[in-house]
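Dear colleague,

I am passing on a structure that I would be glad to have you look over. My notes on what was found in it follow below.

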Amino acid sequence: MNPYRYRKLGYLMLNVTDLDASLRFYRDHVGLSLTRTEPGLAYLRCSSDDHNLILRERAAPGLERIAFELESLADLDAARRALEADGVAVECVDHGQCRALRQGTTLRYRIPGVGLLIELYCEMARADAHSPGVAQIERLGHVVVHLREARAAIDWLVDHAGFRVSDRVGERLTFLRAFPNPYHHAIGIATSNFDGLHHVNFMVKDIDDLGRATNRLREAGIEIVYGPGRHKASGSIFLYFLDPDGMTAEYSFGMEEFPEIDPRAAQTLPPTRESADLWGGVPAQTFARVGCLDLDRMPSSNA
């Protein structure tokens with residue numbers, strides 16, 4: 001039985017080396033809306049949430065934290081109790097940070113034995129509906145990370161944090177959904193010999209968004225590193241491209257949705273080219289290679 005219930009992947013915090021350049025990229029080329037800026041920070045959204053992406057200027061690019069929205073305050077309290085029962089150190093984010101984030105009560109913890117920083121909340125300020133920019137983004141879709149301790153992270157998220165395995169690609173990649181959110185995966189974990197960001201995903205409304213983006217991004221000199229193609233596991237049609245720091249972003253259209261009751265069993269697909277792309281594409285060498293993970297520092301106190 002799940003100790004608590006997720007509503008969705010809420011937001012990501014990315015570290016970037018040039019805040020102005022990254023802000024222009026995610027706003028003008030990806031299509032997010034700017035909510036506000038603070039010194040060294042930019043808050044962007046692709047929904048009615050106050051933010052779905054926070055950019056923070058730092059010396060090296062990478063992923064700072066992954067934030068999930070739970071269904072209720074009762075779920076947040078259940079999460080705190082479950083984590084503490086498992087001996088996990090839980091940080092209750094102070095009121096000043098919560099006000100800056102425009103969130104209610106917020107918790108943070110690190111996955112034991114791995115150190116990946118997870119944030120949990122259930123209340124965030126809402127804005128008007130997101131106005132589509134250059135792409136009709138409907139939501140922040142998922143994040144995928146490389147981990148040397150991938151098995152430990154997967155086992156802990158499934159056994160202790162209420163995630164469900166949707167599919168695996170050999171031993172290379174595991175897709176996890178944030179139960180009972182129906183989407184095929186909110187987080188993917190790639191077994192690697194290094195720790196790093198693989199990619200961040202934005203789900204779009206129409207397949208034409210991918211077609212237009214293919215031409216628009218090329219004309220802007222933005223490197224497309226994989227696709228268009230179609231993933232076998234989730235059924236998503238995809239397009240991957242690089243941000244100013246070389247981190248990988250993805251547009252995708254369509255994704256399998258799982259019922260809360262009696263879902264299908266997870267598949268293990270062979271680690272072949274066709275399992276990654278039914279259309280037979282091959283990623284560029286620069287695909288999913290840039291972006292460190294904050295695995296050992298304490299949570300930031302300025303955002």
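A residue is called buried here when its relative accessible area is under 20%. By that criterion both Phe68 and Phe163 are buried; please keep in mind throughout that this is a predicted model.

Together with Tyr4 and Tyr6, Phe68 and Phe163 form one aromatic cluster.

Another pair is made by Tyr226 and Phe238, whose ring centres lie 4.8 Å apart with the planes at 50°, so the pair is tilted. It also links distant parts of the chain, as Tyr226 belongs to strand β14 and Phe238 to strand β15, 12 residues apart. Tyr226 counts as buried at 6% relative accessibility, and Phe238 is buried with a relative accessible area of 0%.

Two arginines are placed over aromatic rings. Arg164 lies over the face of Phe179, at 3.8 Å from the ring centre, while the charged end of Arg177 sits over the ring of Phe258, 4.0 Å from its centre.

Turning to the sheet, the model has an open sheet of 9 strands with mixed pairing, in the order β14-β15-β16-β13-β9-β12-β11-β10-β17. Its edge strands are β14 (224-230) and β17 (267-269), each of which pairs on one side only, and the twist from one strand to the next averages 20°. Strands β15 (residues 237-242) and β16 (residues 248-253) run antiparallel and are joined by 6 bridges; in β16, Phe253 is the bridge partner of Ile237.

Two helices pack on this sheet. Helix α1 (residues 19-30) touches β9 (137-147), β13 (196-204), β15 and β16, and its direction makes about 145° with that of β15. Helix α4 (residues 150-160) touches β9, β10 (163-169), β11 (173-178) and β12 (187-191), and its direction makes about 150° with that of β12.

Asp18 caps its N-terminal end, with a side-chain oxygen 3.2 Å from the backbone nitrogen of Asp20. Within α1, the buried residues include Leu19, Ala21, Ser22, Leu23, Phe25, Tyr26 and Val30, and just after the helix Gly31 takes a positive phi of about 115°.

Asp50 is buried, with a relative accessible area of 5%. Leaving aside residues up to four places away in sequence, Asp50 touches Thr35, Arg36, Arg45, Leu101, Arg102, Met124 and Ala125. The side chain of Asp50 also makes a polar contact with the side chain of His51, at 2.8 Å. The C-alpha atoms of Asp50 and Asp18, which are 32 residues apart along the chain, are separated by 22 Å.

With kind regards

Terms used
Residues numbered from 1 in each chain as written. Predicted model: local features only at pLDDT ≥ 70, side-chain atom pairs only at ≥ 80, totals over all residues. Heavy atoms only, no water. Pairing = 2+ DSSP bridges. Helix = DSSP H or I, 4+ residues; strand = E, 2+ residues; numbered from the N terminus. Axes fitted to C-alpha atoms, helices over the stretch in contact; angles between N-to-C directions. Contact = heavy atoms within 4.5 Å. Buried < 20%, exposed > 50% of the residue type's maximum accessible area, 1.4 Å probe, protein only. Phe/Tyr/Trp six-rings, centres within 6.5 Å; stacked < 30°, edge-to-face > 60°. Lys NZ or Arg CZ within 6 Å of the ring centre and 35° of its normal. Polar contact = N/O pair within 3.5 Å; in protein donor to acceptor, adjacent residues only side chain to side chain.
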